[in-house]
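Dear colleague,

Please find the structure below, handed over for your study. My notes on what was found in it follow directly after.

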Amino acid sequence: MQPTVVAAATSSTTKRTPLRRLAVASTTACAKEASDYGKCIVATYTDVHKDTCKEEFDRFGACLRQTLKRRW
Amino acid sequence: MFAVRPRLPPLRSLASLSPAQINTVTQSPFRVFDRQAKRLQKDRAAARDWGNRSRTVDYVRDEVANRMIERFMDIKKNFSSILDLGSGPGHFSKLLELDRTQKVMMLDLSKLTVERDPDSEFEVQVERLVVDEEELLDAIPRNSQEAIVSCLSLHWVNDLPGVLVQIKEALKPDGVFMGAILGGDTLFELRTSLQLAEVEREGGISPHISPMADPRDMSSLMNRAGFTLLTVDVDEVKVAYPSMWELLDDLRDMGENNAIVGRRHLLHRDTLAAASAIYKELHGQEDGTVPATFQVIYLIGWKPAPQQPKPLERGSGKTSLKDVLE
């Protein structure tokens, strides 16, 4: 049966929670690093194991930490 | 001596009530979901922002209720009362009209959810009951209902075959059950993204998305529960989100948080960020949104009754189909 797209949901969170800040950082400021990491996973997703894309993720993680000015 | 000041436990201590490990010796093998946690999650979702947050995420259930009422209208029968099992705030019941039924009885696990919307939004008379779907027969006598409907709630039930049997028992002979439940392909995008992120970042996976019913199994489950004249069909609702984060927010506001026994209460933020990146690259659409699939299985079954039409005995046919077709 033909699937139907109902509606594009809009962002419902307005409060600036820490998780929300992580969400914003990972989709805007670090979008390029996120995309590089995602592409690396997609290229190897039939055979992923720990740290397959460590290099890409390190860049993504560093960008997140820098944008949020926090370490974890 | 120490002055011991009595202190109330912090609210946080209520946050996680599930045992960390699944113990198959003390728990029934059917116990997959933490019903108490599910009740709390639904209560919280309905209470957040005076119910407004919960109202903005009604879109999936409203869409499925709309598709279900179409099927329901095809049953040319009038009912004096209908039981809505796992009704939520009444997505399906609100669509019922007076020419079909006088009254609807809404049952739900969560008190705040079932009482979210006022009676004025319903055309028919409403009665609300807070009952665990798994203990239906404790609240409803056997052979008492003309029709039972259930719209997107049975995916949190531990013992699905058992609940289907209870539904059949609660129906009068020739009573009808109509249900919509989520199928196994539901949220496969989120499931795969989280799994890939956990494997790559942490080296293992843990349950985040519930196991859900396989459409192929549903007709045999309905048969086993004793329903006849079955109809089972599968449909999909696809929703587009700006990113994985909005999907997670909306699922929580729907009260659909993870309630698997032995779930992890914490996801590392690296893993979450990784999952969001993978979601976008693996499933993202050209317009920049990410899709989420809800696979819905619609079920119709009747409780057997002597006066009901039945298929003829095997081998009793007198006309050969071959002759007709030639």
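In chain B of this predicted model, the loop between α5 and β4 contains Asn143(B). Although Asn143(B) is not a glycine, its phi is positive, at about 50°. Is Asn143(B) buried or exposed? Asn143(B) has 11 other C-beta atoms within 10 Å and is therefore exposed, the limit for that class being 12 or fewer.

A second residue of this kind is Leu152(B), which is not a glycine and has a positive phi of about 50°. Leu152(B) belongs to the loop between β4 and α6 of chain B.

Helix α6 of chain B covers residues 160-170. Its buried residues are Leu160(B), Val163(B), Leu164(B), Gln166(B), Ile167(B), Lys168(B) and Ala170(B).

Finally, I turn to the contact between the chains. Chain A and chain B each contribute 33 residues to the contact. On the side of chain B that touches chain A, at least two residues come from each of α2 (52-56), α3 (59-73), α7 (188-202), β6 (228-241), α9 (244-253) and α10 (269-283). Of these, α10(B) gives the most, with ten residues. Sorted by class, that side of chain B has 14 nonpolar, 14 charged and five polar residues.

With kind regards

Conventions:
Residues numbered from 1 in each chain as written. Chains lettered and ligands numbered in written order. Predicted model: local features only at pLDDT ≥ 70, side-chain atom pairs only at ≥ 80, totals over all residues. Contact = placed C-beta atoms within 7 Å. Helix = DSSP H or I, 4+ residues; strand = E, 2+ residues; numbered from the N terminus. Nonpolar A, V, L, I, M, F, W, Y, C, P; charged D, E, K, R; others polar. Buried ≥ 20, exposed ≤ 12 C-beta atoms within 10 Å, placed from the backbone.
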